[in-house]
Amino acid sequence: MSGTQPGTPAFPEAARDAVRDGTLRGNLRHATRTIRGKRARAVAELDDWAELRAAGKAIKDRTLRHLDHYLVRLERSVTAAGGTVHWAADAAEANRIVTGLVKATGEREVVKVKSMATQEIGLNEALEAEGVRAYETDLAELIVQLGRDRPSHTLVPAIHRNRGEIRDVFAREMAAWGRPAPDGLTDRPADLAEAARLHLREKFLRAGVGISGANFMVAETGTLVVVESEGNGRMCLTLPETLISVVGIEKVVPTWRDLEVFLQLLPRSSTAERMNPYTTMWTGTADGDGPRAFHLVLLDNGRTDTLADEVGRQALRCIRCSACLNVCPVYERAGGHAYGSVYPGPIGAILSPQLRGTGSAVDASLPYASSLCGACTDVCPVAIDFPEVLIHLRERVVQGGEATRNGVRVRLRPAKGHAAERAAMRAARWALDHPAALRAGQRLVSRTRRLHPARLPGPGRAWTDARELPEVPPEPFRDWWRRTRGDAR
């Protein structure tokens with residue numbers, strides 16, 4: 001990724017501030033509970049949902065195992081259809097490619113479809129540095145941009161804002177970016193949507209360059225797919241003379257038949273719809289129809305390093321539906337900004353530390369931003385085992401070990417601040433390897449249980465700040481079994 005911003009706090013510190021914000025928690029609670037309820041009803045309509053989910057997982061795993069083959073096939077197909085393919089190893093290279101392409105057109109403005117890949121690499125900031133202004137056209141992204149804010153949700157980037165806050169942002173900021181908000185703007189959803197529509201219409205009509213991501217890329221034909229709910233994507237993808245798409249390499253699927261599976265999984269998991277209102281597909285260029293020039297920038301930016309990890313690679317199955325965020329008790333209380341990444345929630349907790357590494361405080365803390373309840377795995381349409389990856393990454397943070405960075409196998413050093421945890425795990429391993437010592441320790445703890453404090457001292461204090469210390473039984477289980485069953489085993 002483009003890197004963690006200097007000074008970004010670790011998750012516990014950022015979350016501590018977020019959970020004290022009553023307005024934020026109210027906004028998140030209302031939105032996530034509404035979305036997950038609708039999703040559950042949409043999924044329940046399909047008798048074969050489990051089979052669809054298994055098919056999506058299998059397709060993604062097969063594609064990732066042969067990713068090199070399908071990417072080369074995709075490049076050939078896009079080129080044959082009149083497009084140009086560029087390969088970007090990291091965020092800096094992707095930004096250089098895109099800014100160069102935009103400047104070559106002579107345009108100083110671009111319109112954008114909602115794209116997490118361009119947020120990941122900091123494209124808007126790179127364009128601004130070169131004198132090019134990027135206009136977000138997704139309604140929620142527009143709210144975030146006008147409010148000089150950061151996205152906090154994969155699907156609904158402005159989920160942390162309520163209608164009154166959005167009205168104030170529009171009234172205060174729209175004039176500086178183009179058409180001002182109507183006088184007397186209310187917080188009615190229809191009025192807010194109309195204000196955004198009027199503000200964006202002139203930008204659609206005059207834009208010479210559109211920038212997008214893609215939900216899927218079909219290697220078989222070189223077709224790119226964007227699904228959305230507002231129609232702004234359709235405008236950005238068809239009206240400009242030049243279209244530039246920045247897409248992560250994991251978004252490729254082999255065939256149209258494979259795509260069909262995901263076009264059933266994605267809408268029900270994300271917006272709780274049977275199908276997306278707008279599904280736009282394009283294959284290269286065509287005379288008199290759509291953009292005259294199409295450029296596809298294939299983004300690595302840590303993805304091949306992630307692919308090299310046999311446990312962590314399943315994060316690359318993600319189709320960005322946001323179902324995991326909407327069921328996560330940690331996300332519902334802390335919000336998306338606490339994750340210090342464009343990928344919040346459970347998927348951010350397993351993806352960002354792999355794309356960026358665990359060298360920063362925030363990335364080393366993200367694998368712990370979970371209760372390991374597994375609700376995210378239960379709803380994931382491609383069956384990512386989040387607890388498995390989280391535990392795997394926690395081990396990497398605490399113990400270090402081998403990992404791939406920039407295509408090279410390296411040995412990572414343990415992260416700072418985990419010496420006590422390492423010592424505790426070593427002690428537990430020794431005790432479990434010595435049954436006699438384990439029994440003696442259990443009996444000692446039981447016999448001194450009346451002396452135990454209500455709260456743990458030292459590093460354990462944070463754990464008991466929000467939890468009751470479990471009561472120790474009067475005797476160990478093995479002793480109870482021997483006494484009541486007469487069996488020494």
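Trainee: What share of the contacts between residues at least 6 apart in sequence join residues at least 24 apart?
Mentor: That's 73% in this chain, with contact meaning heavy atoms within 4.5 Å. Keep in mind that this is a predicted model, where local features need pLDDT of at least 70, side-chain atom pairs count only at pLDDT 80 or more, and totals for chains, interfaces and linings use all residues. Residues are numbered from 1 along each chain as its sequence is written, and side-chain values use heavy atoms, with hydrogens and water left out.

Trainee: OK. How many helices and strands are there?
Mentor: The chain has 23 helices and 12 strands. They're DSSP runs numbered from the N terminus: H or I with at least four residues for helices, E with at least two for strands.

Trainee: And how much of the chain is buried?
Mentor: 50% of the 489 residues count as buried. Buried means under 20% relative accessible area, exposed means over 50%, and partly exposed is in between, using a 1.4 Å probe and protein chains only.

Trainee: Switching topic: how many aromatic pairs are there?
Mentor: The structure holds 8 of them. Rings of Phe, Tyr and Trp (its six-membered ring) pair if their centres lie within 6.5 Å; planes under 30 degrees apart are stacked, over 60 edge-to-face, and the rest tilted.

Trainee: Why is the pair of Y135 and W177 called edge-to-face?
Mentor: Their planes sit at 75°, so the pair gets that label, and the ring centres are 6.2 Å apart. The pair links distant parts of the chain: Y135 belongs to strand β3 (residues 133–136) and W177 to helix α9 (residues 163–177), 42 residues apart.

Trainee: Is Y135 buried or exposed?
Mentor: Y135 counts as buried, at 5% relative accessibility. W177 counts as buried too, at 16%.

Trainee: Which residues do ring pairs link into a cluster?
Mentor: F11, Y331 and Y339.

Trainee: Now V43. Where is it?
Mentor: V43 is in helix α2, which covers residues 22–44. With 11% relative accessibility, V43 counts as buried.

Trainee: What does V43 touch, leaving out residues up to four places away in sequence?
Mentor: W49 and R268.

Trainee: How far is V43 from P267?
Mentor: They're 224 residues apart in sequence, yet C-alpha to C-alpha the distance between V43 and P267 is 9.9 Å.

Trainee: Last one: what box do the C-alpha atoms of the chain fill?
Mentor: Roughly 85 × 55 × 45 Å, taken along the principal axes.
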